[in-house]
Amino acid sequence: MSEGGKFEDNSCGEVPPEEARRQADRLKKKISDICVKCRTEKSTLLFRKESICWPCYEDQIIRKFKTQLNATRKNKSQLEKVLIAFSGGPSSRALIHILNECILGRSNQASAFFEIGGIIHIDESGVTKPETAEEKEKLAQVAASYNIPYHSVPFGSIFNDSENPTQETNREKIEKLMQGCTTNTTREDIIFHMRNLLIANTARTLGYEKVLFGTSASRMATTLISLVCKGRGYNVAQEIGNNDTKYGDVQFGYPMRDFLGKEVSVYNHHKHLEDVFLPSLDTKTSDPKFSIDHLTESFIEGLQVDFSHTVHTLLRSSVKLTMPKIDQPMTCSICAASLLPSTTSQSIGGEGKEDSCCGENGCGGEEWLVVVANISDYVCGGCHRVMNEISPQVLPPYVQHNADRNGRSSRLRSQIEDYLLDDGE
Ligand SMILES: [Zn+2]
Ligand SMILES: [Zn+2]
């Protein structure tokens, strides 16, 4: 960032000699005819300041991808059957292709370690405008072209509740949820967490232990900064770490995390990989302050233009973050993030209403455990902001179920607390 300081002092408008030299170097590199990697082919591309040929570019992409893919492996001795999350966007489109190439390629080890079991797509019709038949067809076609089973899961299924079926359609419930939010930031925030939860739940139901996402470095850097801005800094390691343990038995992995958005675009262009454009909430907006995510994205893009290491520096710093080990952790009722011990201890013995029974004389049942918990007592810092905005009635039923479960376990813990031994005892 010190480079920025130097230019600011230069008020006369002349280019400082150091910068002139750098520009000349850049230009020289750009017009270098021969690929700096293989030194035989004609260079046609610029990859991280080096002019290289297309075969070398592809080689770099595959190599960096494999490094990140291997970093997601937890059990190094087992073959992992993975589910790929496909948004329709360029980065997850590239992920499907690269992973498939790595597995089919006989000369590498990926085929021994990974198997693609399926592709999952969350259909966000209702959140945004409904997916057209043509879009649905295009998405399914991508999976079919690789002979991979395809699962399209409607976002509305987050409202499914077999215990208490209602007359309202899921589409109407999504509408109420979206209308219940007063800011776009909250809308994007809860869609992000509920989408991930839906992917994790579906993966679990289908028997997968790992889901791979196509999140690029650019997207990840945006997520990192916006999480902090939205009061979710405590959970950064859990949200964007490779060995994500947020969803318990289902691990999320991000093998595209080394690539900038534009590097993916170049790859897709050369490979003729077409993505499926689906509008998101901030598509078409011209308001830079539409949401924290939108604002962060343009902030990072702007920095990246002047300082090409911005994104990678941010991500390098973030991988050093780890979650503290918590004894008997509780998870946020909305987003499943680990709760801070201080948050949960406050709510022990919470303010929830007891449903029916009492613990009075002669009551031998376990009904004292039936509690309708106050959701706000069992959410993380970031979701507290969400709860300030929306009424609990518009939230999907899983939120109340999770809060009740959290309430029961904290009440149970407070009942037996006196009998528990500390580590030192
Ligand atoms: Zn080359
Ligand atoms: Zn939360």
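This is a predicted model: local features need pLDDT of at least 70, side-chain atom pairs count only at pLDDT 80 or more; totals for chains, interfaces and linings use all residues.

Trainee: How many bridges join β3 to β6?
Mentor: There are 3. The strands, residues 80–85 for β3 and 210–212 for β6, run parallel.

Trainee: And which helix packs on the sheet, touching β3 and β6?
Mentor: Helix α4, residues 90–104. Helix α4 also touches β4 (114–123), and its direction makes about 165 degrees with that of β4.

Trainee: What is the strand order in the open sheet?
Mentor: β5-β4-β3-β6-β7, so 5 strands with parallel pairing.

Trainee: Which strands stand at the edges?
Mentor: β5 (150–154) and β7 (251–253). Each has a single partner strand, so one side of each is left without a neighbour in the sheet.

Trainee: What about the twist?
Mentor: From one strand to the next, the twist averages 30 degrees.

Trainee: New topic. How many residues are in the largest nonpolar core?
Mentor: 76. Those with the most contacts inside that core include Ile 84, Leu 95, Val 211 and Cys 332.

Trainee: Which helix gives the largest share?
Mentor: Helix α8, residues 184–206, with 7 residues.

Trainee: Where does the core lie relative to the domains?
Mentor: Between domain 1 (78–318) and domain 2 (341–419), because both give residues to this core.

Trainee: Back to Leu 95. What does Leu 95 touch, leaving out residues up to four places away in sequence?
Mentor: Ile 84, Leu 212, Gly 214, Pro 255 and Met 256. Of these, Ile 84 and Leu 212 are also listed among the core residues with the most contacts.

Conventions: Residues are numbered from 1 along each chain as its sequence is written. Chains are lettered from A and ligands numbered from 1 in the order in which they are written. Two strands pair if DSSP finds at least two bridges between them. Helices (H or I, at least four residues) and strands (E, at least two) are DSSP runs, numbered from the N terminus. Axes are lines fitted to C-alpha atoms, for helices over the stretch in contact, and angles run from 0 to 180 degrees between N-to-C directions. Two residues are in contact if their C-beta atoms, placed from the backbone, lie within 7 Å. A nonpolar core is a set of buried Ala, Val, Leu, Ile, Met, Phe, Trp, Tyr and Cys residues joined through C-beta atoms within 7 Å. A residue is buried if 20 or more other C-beta atoms lie within 10 Å of its own, exposed if 12 or fewer, and partly exposed in between; C-beta atoms are placed from the backbone. Domain bounds come from an automatic or database domain assignment.
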